[in-house]
Amino acid sequence: MLIAGLSPAEAKTEKAEKTEKPAAAQQFLPPDPAIGAPPKRTVGTTSGLPVPRFVSLKSGRINVRRGPGDDYPIEWVFAKKGLPVEVTAESDQWRRIRDNEGDIGWVWHSMLDGRRTAIVQNKTHTGEPVALLTEPNPTAGIIAYAEPGVIAQIKACKAAWCELKASGYEGWVERSSIWGTYSDENFE
């Protein structure tokens with residue numbers, strides 16, 4: 001069974017031309033977990049939660065602003081509930097987020113959900129589907145295939161494997177085949 005994917009164009013709408021951010025909104029970002037060591041985490045000044053951290057979008061329509069406030073222009077609008085994003089900073093009730101394409105903006109804190117999701121992406125970037133396996137073992141039986149772009153709930157992550165749930169299927173994939181978790185995170 002093939003689980004259908006979501007194209008990036010379907011997730012974001014009304015994306016404006018990228019422009020330079022005002023000085024107040026510019027901050028350093030942690031290294032991208034896909035290309036190196038896990039980022040150093042601190043405690044958020046407002047939430048008391050780790051920063052950076054992965055969360056998901058709570059609503060199907062979320063404005064992403066250039067800076068932390070209503071007076072900053074809207075850069076684009078997310079149009080897909082459940083997309084994973086990375087919180088990279090906090091400013092009062094605003095959260096700076098980064099999506100799987102590397103785009104950065106600010107959203108109101110209540111638009112984010114602590115439930116963990118991931119986007120399937122083939123680690124070889126060939127566009128081939130990723131197998132959901134019966135157990136965290138490369139020789140395990142295949143339950144289904146997920147196309148790159150599929151958004152799935154993360155049930156657990158252990159070492160190099162994560163258990164996903166999507167479209168009624170549950171199975172294990174290599175952590176390197178998804179975006180939405182750090183390489184050093186283990187949870188159930």
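This is a predicted model: local features need pLDDT of at least 70, side-chain atom pairs count only at pLDDT 80 or more; totals for chains, interfaces and linings use all residues.
Student: What makes up the chain in terms of helices and strands?
Tutor: The chain has one helix and 18 strands. Buried residues account for 43% of its 188 residues.

Student: Why is Ser-177 called buried?
Tutor: Buried means under 20% relative accessible area. Ser-177 has 6% relative accessibility, so Ser-177 counts as buried. Ser-177 sits in the loop between strand S17 (169–174) and strand S18 (178–179).

Student: Which residues does Ser-177 contact, leaving aside neighbours within four places in sequence?
Tutor: Ser-177 is in contact with Ile-119, Val-120, Gln-121, Asn-122, Lys-123 and Val-130. Contact here means heavy atoms within 4.5 Å.

Student: How many aromatic pairs does a search of the whole structure find?
Tutor: The search finds four aromatic pairs. One of them joins Phe-54 and Tyr-182.

Student: Why is the pair of Phe-54 and Tyr-182 called tilted?
Tutor: Centres must lie within 6.5 Å to pair, and planes under 30 degrees apart count as stacked, over 60 as edge-to-face and the rest as tilted. For Phe-54 and Tyr-182 the centres are 4.6 Å apart and the planes are at 45°. That angle falls in the remaining class, so the pair is tilted.

Student: Why does this pair tie together parts that are apart in sequence?
Tutor: Phe-54 lies in strand S5 (residues 53–57) and Tyr-182 in the segment after S18, so the pair links parts 128 residues apart in sequence. Both residues are buried. Phe-54, Trp-179 and Tyr-182 form one aromatic cluster.

Student: What makes the pair of Trp-76 and Phe-78 edge-to-face?
Tutor: The ring centres of Trp-76 and Phe-78 are 5.8 Å apart and their planes are at 80°.

Student: How do you know whether Trp-76 and Phe-78 are buried or exposed?
Tutor: Trp-76 has 3% relative accessibility, so Trp-76 counts as buried. Phe-78 has 2%, so Phe-78 is buried too.

Student: Which residues have the most contacts inside the largest nonpolar core?
Tutor: They are Val-120, Leu-164, Val-173 and Ile-178, in a core of 14 residues. Strand S12 (117–120), strand S13 (130–133), strand S15 (151–158) and strand S16 (161–166) each give two or more residues to this core.

Student: Which residues does the second, separate core include?
Tutor: This core of 13 residues includes Trp-76, Ile-97, Val-107 and Ile-119.

Technical notes:
Residues are numbered from 1 along each chain as its sequence is written. Side-chain values use heavy atoms; hydrogens and water are left out. Helices (H or I, at least four residues) and strands (E, at least two) are DSSP runs, numbered from the N terminus. Buried means under 20% relative accessible area, exposed over 50%, partly exposed in between (1.4 Å probe, protein chains only). Rings of Phe, Tyr and Trp (its six-membered ring) pair if their centres lie within 6.5 Å; planes under 30 degrees apart count as stacked, over 60 as edge-to-face and the rest as tilted. A nonpolar core is a set of buried Ala, Val, Leu, Ile, Met, Phe, Trp, Tyr and Cys residues joined through side-chain atoms within 4.5 Å.
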